[in-house]
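I would ask everyone to keep the sequence and the model in view while I speak.

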Amino acid sequence: MRDFTLNQYRQLLLTLQQAGYCFITMEQYCRESHPQHFVILRHDVDKRPFYSLRTAQLEHELGIHASYYFRVVPQSWNVEVIEAIRDLGHEIGYHYEDMSLVHGDTTRAVTLFEQHLAQLRAYYPVTTICMHGAPTSAYDGRDLWKTYDYHTYGIVGEPYFDVNFDHTLYLTDTGRRWDGYRVSVRDKVPQQQEWNRQGLTFHHTSEIVRYMESKPLSKVPSMMITTHPQRWTNALGPWLQELILQTFKNTIKRFYVQKNLK
Ligand SMILES: [Zn+2]
């Protein structure tokens with residue numbers, strides 16, 4: 001069976017619901033008291049925004065609210081899509097990369113951050129942000145917060161700083177696989193190793209589904225699941241394109257990871 005299709009995604013969500021998890025947005029996680037067993041669905045809209053509209057519709061049909069992070073670059077930004085996803089009841093957040101846009105100049109980066117946040121707030125009252133990993137960039141977007149404080153801008157949460165990954169398992173489809181932390185430059189959390197030690201490492205979506213069918217609430221009380229909706233499609237042509245492109249990109253990313261380790 002092909003992985004990373006909308007059918008697989010739907011199956012994953014249904015299984016999580018049946019296992020007893022509630023779905024909450026990043027904003028709800030930061031602002032409200034939340035249920036003991038929850039999943040935050042985070043979507044990084046890196047490109048092809050219309051793909052995000054399809055996952056947003058699918059989630060809406062299942063009564064699920066997710067968090068969609070948009071970049072302010074042409075390949076991600078689309079007002080029509082932002083408004084449509086908002087109107088389905090999902091959260092909209094800012095997928096920031098201002099440090100790499102100005103080559104690490106923090107003063108210019110924070111000004112740009114403010115501008116971009118205001119641009120997105122014209123369509124949604126954004127309260128959470130999330131770093132865009134930009135694996136080929138020398139700059140880590142999060143370094144901006146060594147000098148500045150995002151709370152100053154009315155931001156209540158950034159997953160890499162504000163989610164307690166000791167209790168919340170982090171799963172991401174980075175690298176078009178669920179164990180992509182091996183090839184990921186920035187999209188990973190320090191607690192990954194501890195979760196791996198407990199056997200919580202998956203490659204295919206079907207492996208997560210199978211595991212979740214055992215209703216593992218006591219082992220995995222909560223989760224953040226990150227997806228890049230551009231790679232989830234039922235159509236064979238774009239699906240093959242994503243498969244080939246991502247295999248190539250993983251080779252490049254592995255090179256950057258090894259370079260950083262040296
Ligand atoms: Zn991204």
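Predicted model: local features only at pLDDT ≥ 70, side-chain atom pairs only at ≥ 80, totals over all residues.

Let me begin with the metal. Which residues coordinate the zinc ion? They are Asp46, through OD, His95, through NE2, and His132, through ND1, at 2.1 Å. Along the sequence, these donor residues follow the spacing D-x48-H-x36-H. Asp46 is found in the loop between strand 2 (38–45) and helix 3, whereas His95 belongs to strand 4 (residues 91–96); the pair therefore ties together parts that are 49 residues apart in sequence.

I turn next to the largest pocket. Its volume is about 480 Å³, and 29 residues form its lining. Which of these lie nearest the centre of the pocket? They are Asp46, His132, Ala134, Pro135 and Lys249. The largest share, three residues, is supplied by helix 10. Sorted by class, the lining of the pocket has five nonpolar, 13 polar and eleven charged residues.

Rolling a probe the size of a water molecule over the atoms shows where empty space is left. How many cavities of 30 Å³ or more does a search of the whole structure find? The search finds two.

The largest cavity has a volume of about 40 Å³. Around it are Tyr170, Leu171, Thr172, Trp178, Asp179, Gly180, Tyr181 and Gln192. Strand 6 (residues 168–172) gives the most to this lining, namely three residues. In terms of class, the lining has four nonpolar, three polar and one charged residues.

The second largest cavity holds about 40 Å³ of space. Its lining consists of Glu97, Met99, Ser100, His132, Gly133, Ala134, Tyr139, Asp140, Gly141 and Arg186. Here the classes are three nonpolar, four polar and three charged.

Finally, I come to the helix pair. The axes of helix 1 (residues 6–19) and helix 3 (residues 49–61) come within 11 Å of each other and cross at roughly 35°. The crossing is right-handed. On the side of helix 1, the residues in contact are Leu6, Tyr9, Arg10 and Leu13; on the side of helix 3, they are Arg54, Thr55, Leu58, Glu59 and Glu61. Taken by class, this contact has four nonpolar, one polar and four charged residues.

That concludes my presentation, and I thank you for your attention.

Technical notes
Residues numbered from 1 in each chain as written. Heavy atoms only, no water. 1 Å grid on protein atoms, 1.4 Å probe; cavity = no way out; pocket = protein on both sides within 12 Å on 5 of 7 lines; lining within 4 Å. Points joined across faces, edges and corners; volume = space filled by probe spheres on them. Helix = DSSP H or I, 4+ residues; strand = E, 2+ residues; numbered from the N terminus. Nonpolar A, V, L, I, M, F, W, Y, C, P; charged D, E, K, R; others polar. Axes fitted to C-alpha atoms, helices over the stretch in contact; angles between N-to-C directions. Left-handed = near helix turned anticlockwise from the far one by under 90°. Contact = heavy atoms within 4.5 Å. Donors = N, O, S within 2.8 Å, 3.2 Å for Na, K, Ca; no water.
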